[in-house]
Amino acid sequence: MRHYVFRKPDLDTCLTAWLTGYRPGFRVRVCHSMANSAELDSREIVCIECGGSGMAEQNNYDHHDTSCDLPPACVQAYEFFSCKNRQIKTIVDYVAAVDLGAPGISKAFAGCTKTTLSMLYSGMRTLIKAPVSQLDMGVKLLDAMIDNEVSPTNMDDYILSNPGMQPFVVAYHSARKQLYSRMECIIKFKTNSGKSGMFLDCDAPGIHGLLRSMGADVSVASGLEGKRHVTISCIPSLTHGLKQALHQLKRLESGWGGRPEQGIIGAPIMGTVLDDITVINILSSNL
């Protein structure tokens, strides 16, 4: 039986676990930062988004804290195992887009009435607090999606035929209400090129989608994990400036990473010590 190590069971981690053969009941360790060297060196231990970026042959799947241009963990696993299933590829493409904050992927604020995979799983993580239980539930959900060819962009029929999913949908929409209640706390700023930037600290998911729907060219989300964890997303035309901003952030604090060419970067895993104004000023001067 394989041993798994992961930091947080987001969609990318969950799908990567599924692709590498994870089943509920497997031995798991939840780490708070990075896997240790013994875990990263062992091919019998699958490390997901906790170090070893670019080392899929060692069963390490990560794309953070590295200068290498790497795709999300689920794409690395999909390519490493040479999966050819069309349904799996559809889900991998969707999860990768969500993970990278691809423009337009979130329909929550665009008037879409369909329930997506990210919405449903977000609701699951809201109600299910234990990380391993979240991972187990996500893997079971992926099993059902593959077996029933459920689209990640429209899960309404699946939810109707599985009433046990409804509480997660309710939880998702409750979190959205919490997010909307924080709108008056949004900090707005202008970049040197005249683009619109917005910053919001809130522990509900969906900050980037909300800020983009309000016209933000640069969105900054903070506090989702109850700590100073910051992610920054921008429109495609600003990715060069985002790369420059990332270099400056790295000079001030190690651990910043992401894929600026894809318009998404983030703070160190354990959160940033930089204050909000410093981050905003760096973005304003570079974008």
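The points below take up confidence first, then a residue, a hairpin and a helix pair.

1. This is a predicted model, in which local features need pLDDT of at least 70 and side-chain atom pairs count only at pLDDT 80 or more, while totals for chains, interfaces and linings use all residues. Residues are numbered from 1 along each chain as its sequence is written, and side-chain values use heavy atoms, with hydrogens and water left out.

2. The mean pLDDT (the predictor's confidence in each residue, from 0 to 100) is 88, and 92% of the residues reach 70 or more. Over residues 106–111, however, pLDDT stays under 50. Where pLDDT is low, the predicted coordinates should not be read in detail.

3. Leucine 15 lies in helix α1, residues 11–19 (helices, H or I, of at least four residues and strands, E, of at least two are DSSP runs, numbered from the N terminus). Leucine 15 counts as buried because its relative accessibility is 3% (buried means under 20% relative accessible area, exposed over 50%, partly exposed in between, with a 1.4 Å probe and protein chains only). Leaving aside residues up to four places away in sequence, leucine 15 has contacts (heavy atoms within 4.5 Å) with Cys74, Ile91, Val92, Val95 and Leu142.

4. Strands β5 (residues 187–190) and β6 (residues 196–201) run antiparallel and are joined by four bridges, where pairing requires at least two DSSP bridges. Isoleucine 187 has phenylalanine 199 in β6 as its bridge partner, and glycine 194, in the hairpin of these strands, takes a positive phi near 90°.

5. In α10, Leu242 and Leu249 are among the residues that meet α11, where Ile282 and Leu283 are among the partners.
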